Amino acid sequence: MRVLLGAYALGALAPEEDRRVMDHLAGCDLCGAAYQEVAGMPSLLALCDEDDLL
């Protein structure tokens, strides 16, 4: 499940995968903590332009 957390944070999962991750996070403190580490990444990535990513 942890390998899906980055894609989940970016909103890049298919709806059924998204629901599966959301349901898992509701009951797994370890994965919930790992998700909190990457949850802010979309906001940070939005601050970058193309040159920053190369």
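This short talk concerns the side-chain pairings in the structure shown above.

Please note that the model is predicted, so that local features need pLDDT of at least 70, side-chain atom pairs count only at pLDDT 80 or more, and totals for chains, interfaces and linings use all residues. Residues are numbered from 1 along each chain as its sequence is written, and side-chain values use heavy atoms, with hydrogens and water left out.

I begin with charge. Side chains of opposite charge can pair when their charged atoms come close. How many salt bridges does the structure hold? There is 1, where a salt bridge is a side-chain nitrogen of Lys or Arg within 4 Å of a carboxyl oxygen of Asp or Glu. The partners are Arg19 and Asp23, at 3.8 Å from N to O. Both residues belong to helix 2, residues 15–27, and stand 4 residues apart, about one turn of the helix. Helices here are DSSP runs (H or I, at least four residues), numbered from the N terminus.

Arg19 is partly exposed at 46%, and Asp23 is partly exposed at 47%.

I turn now to the cysteines. A disulfide is a covalent bond between the sulfur atoms of two cysteines; the criterion used is a pair of cysteine sulfur atoms within 2.5 Å. The structure holds 0 disulfides. Cys28 is buried at 18% relative accessible area, and Cys31 is buried at 6%.

How values were computed. Helices (H or I, at least four residues) and strands (E, at least two) are DSSP runs, numbered from the N terminus. Buried means under 20% relative accessible area, exposed over 50%, partly exposed in between (1.4 Å probe, protein chains only).
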